[in-house]
Amino acid sequence: MEVETSKNDQSQFRARAAITLLTPPVLSIKNRWSSRYGLPRKELFSALLTVMMTVGLYACCTTMLRELSQPLSHFHLTYSPIIAALLAAMFIMTLLSASVSAMSALYASKDIDFLLASPVSEEALVLTKVAEITLSLFWMLFVFGIPLYLSFGEALSADVLYYVISPILVFAFLAPAVLFGTTAAILFSSLLPARGGRHAFALLFAVSIGLFFAIINNGAKLLLPSATQSSSVLALLSSGSPWYLLATSSIARSIETLAQGNLAPTTWAIGACAGITTLAWVITVVFFKKLFRRTHTKLQVSSSPLQLDSRLGRSVARVLFAMTRRGTRALITKEIFAFSRELTQTLQLVMLLTICALYSYNFSHISPPTRVGVEILQLWDVLMTALNVLLGLMVILSISSRFVFPSVSLEGNSLWVIQSAPISPRDILRAKYTSWFSLIVIVSLAIFSAGGCAMGVEPRVIIASAVSGIIISHGIVTLGLGFGARFARFDWEHAGQLATNTGNLAYMATGVLLLAINMVPVTLMFGAYYLLPSVFRDDMAALMLLASGVTVLSIINITVGRVSISIGARALQRCLL
Amino acid sequence: MIKLTQVSKRFGSFLAVDNISLSVPAGSIFAFLGINGAGKTTTIRMMTGITQPTSGSITVGGFDLFRSPLEAKAIIGYVPDRPHIYPKLTGREFLYFICDLYRVPASRIDHNIDRVLDEYSMRPWQDALVESYSHGMRQRIAMCAAMVHQPQILVVDEPMVGLDPHGAHDFKESLKRYAKSGVTVFLSTHSLDVAEELADHLAIIHKGSILTSGTLDEIREISGRPSEDLEGMFLELTTPRFEH
């Protein structure tokens, strides 16, 4: 009888354990809003900014969908392809982010040893971590998702069923992405050899990218003969045909019919998603049970995989950053060592560089329209050149939001070292700027040159694009540091949390605004160059035009840089004292 | 060497440090005693320029900590109570980093690093990542970092936590050596026997206020218990009294 009672207690305890384990993160959020140490100004400001962004995004989406729904004689629009494309993008984004967050939450989290020592089941443990990953990801999806959800509801003149059921459907659709991402992280970490992990990873990733291109080039051609580039995969995902059963198309059509008050297809879709989620959950738990503890132990034991030799690293930094002050150089060297040895950071960088590669590859496959007049071809050149700069800068902004923005917060518990050292906040930001801008200049040069070469534009346009890109990258990086210092959070549990906080969201919104402002002179510069050939094809006139454009860009971005660093230094001063 | 004048620190409605004044003579070992939550760490964080006081002024080696923070910080070595150090650096890399931050002459960096590593028996682990260190080893590498730039003032918060008996012994001996060589040591501790053994001057802080300060004999005289040991006086002064 006693044994029986004890077993019952055990099973009840197991059921409660997952909820119990989730209380610390929830209480941490609640306590951040506590007014014990004065008004939580940073949180209030973030919340206000988030609401403003959500409202702004809603207004933009509603206007855009209203414009698109205007009847045009040659163009018939249904919303399901757009919804399907958005769902596909959200699924891929969730999958990638979940795998990075899982790597950090499972293997680099400060509470993991404590949780492993607690009398809780592995199911409860993995459920807690999945919930933590979901919370960190869905915060951003929530901010972007709510305006889209409301805009589509308005555009579709949706029934009340749409507003109640579609969030459940979208959640059910994205839940497997979180679970598959978590499983991928567990599997990948277990495959890492004890030493030289990153080299093995790089090799694995290079092979994956090669396979990916091979599949796109050949697989997509088989399915859709006109498909010659990776963007066609997105077209395939959203078109519905010939893949009637493809999840994104089915869900999108369910949402559209739901808006008309028809619940039946949605019930099937939710059922299918729930089935896939259950299967994904079982797979995640099995992998966790089989691999997690062994991998965790392996990572603990093999904790000295020195990728960058100390002396070599210091010597390289001394040569590359010879012009910087000693304190600044010390911080740069520290940043390089810490970054090159942090697996989560490397993983994210490789993912973003893959996006760069995909981006350049896509550009090389875009061909100008045929059977059109010279004016249209000139407009095409302006559009493509400006698009090359804009899309490249969007990639730079993504890289910056993942690495530059969190770089101040990444000091974490070691902040006391620079707090008590004789170094000013401006020098700290200068060091971080030098480290990250150096990397971003290389990426910028690669993106803009590769994009320009892929399009086959003139060398002077490639140079002007690259110089413009680098100047705007200066604005993006300094803005990231300013926001990073202003919204610095040093009490994180694992580094993955930093990229998803509201400050980063505000940074991305401001970054997009900065890009929009910069695109005005960029478009004018290339517009004048291509559309007025009689005036600007002369070498000197072309040089003057491009130089003027670059000067205007410099003024904008140097001003942004000065203001951002000044705000960041003031915020950091408050942290440092 | 260190002078705190009417220093207070308030966190919202909570008064952590209440109008304290202290003076630490050069070349002495000063023990700062108090129960948990008395305000020791807050005071130390203000003294090292990490936290800004709500009111009052702090002078370190003649430099006002808030008017000339860089000059003041350059002469302080600080060991925090929880020595969190960049986990992805090796011990030696961390010391190089500190030497560059504190502008140790390039010709002396390797010599200084080797000296402190030997002093705290950290040579065998100098090339291992900090994340693989035990708590005691982190404490020792933090001590190495505090001394590698040869500061004039050493501020140590709860130094004995996590040290093994050998480490604790070496640590006490090194503090005596530093004081003899003219370094001013400010030590916050729970270990009353350590304070009694090492300190030239003491102060007891309770609920953010200084209860008493001076040499051990002066404190005995003030408390009216000339034969009492430090533990007895400490308990007497910091035990809550209930009025009926």
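In chain A, take the contacts (heavy atoms within 4.5 Å) between residues at least 6 apart in sequence: 82% of them join residues at least 24 apart. This is a predicted model, where local features need pLDDT of at least 70 and side-chain atom pairs count only at pLDDT 80 or more, while totals for chains, interfaces and linings use all residues. Residues are numbered from 1 along each chain as its sequence is written, chains are lettered from A and ligands numbered from 1 in the order written, and side-chain values use heavy atoms, leaving out hydrogens and water.

Chain A has 20 helices and zero strands; these are DSSP runs, H or I of at least four residues for helices and E of at least two for strands, numbered from the N terminus. Of its 577 residues, 50% are buried. Here buried means under 20% relative accessible area, exposed means over 50%, and partly exposed is in between, with a 1.4 Å probe and protein chains only.

## Nonpolar cores

The largest nonpolar core holds 147 residues. Such a core is a set of buried Ala, Val, Leu, Ile, Met, Phe, Trp, Tyr and Cys residues joined through side-chain atoms within 4.5 Å. Helix H17 of chain A (residues 459-486) supplies the largest share, twelve residues. A second, separate core has 28 residues, including Ala105(A), Leu116(A), Val126(A) and Phe288(A).

Back in the largest core, Phe526(A) is among the residues with the most contacts inside it, and so are Ile476(A) and, from the other chain, Phe94(B) and Leu154(B). Setting aside residues up to four places away in sequence, Phe526(A) touches Val382(A), Thr385(A), Val389(A), Val461(A), Ala464(A), Ser465(A) and Leu546(A).

## Where A meets B

At the interface, 35 residues of chain A are in contact with 43 of chain B. The two chains bury about 3,400 Å² between them, 60% of it on carbon and sulfur atoms; that is the accessible area (1.4 Å probe) lost on putting the two parts together, summed over both.

There is one salt bridge between the chains, and Arg326(A) forms it with Asp100(B), with the closest N and O atoms 2.9 Å apart. The term means a side-chain nitrogen of Lys or Arg within 4 Å of a carboxyl oxygen of Asp or Glu. On the side of chain A that touches chain B, H12(A) gives the most, with eight residues.

## Helix H16 of chain A

Asp427(A) and Arg430(A) form a salt bridge at 2.8 Å, N to O. They sit three residues apart in helix H16, so about one helical turn separates them. Asp427(A) is buried at 6% relative accessibility, whereas Arg430(A) is partly exposed at 34%.

Thr434(A) is in H16 too, which spans residues 425-455. Its relative accessible area is 16%, so Thr434(A) counts as buried. Beyond its neighbours within four places in sequence, Thr434(A) is in contact with Phe321(A), Thr324(A) and Ile332(A).

## Salt bridges in chain B

Over all chains, the whole structure has 22 salt bridges. In chain B, Glu131(B) and Lys88(B) pair up at 3.2 Å, N to O. Glu131(B) lies in the loop between helices H4 and H5, and Lys88(B) in the loop between strand S6 and helix H3, so the pair ties together parts 43 residues apart in sequence. Glu131(B) is partly exposed at 29%, while Lys88(B) is buried at 16%.

Chain B also has a network of salt bridges linking Arg92(B), Asp110(B), Asp114(B), Asp118(B) and Arg123(B).
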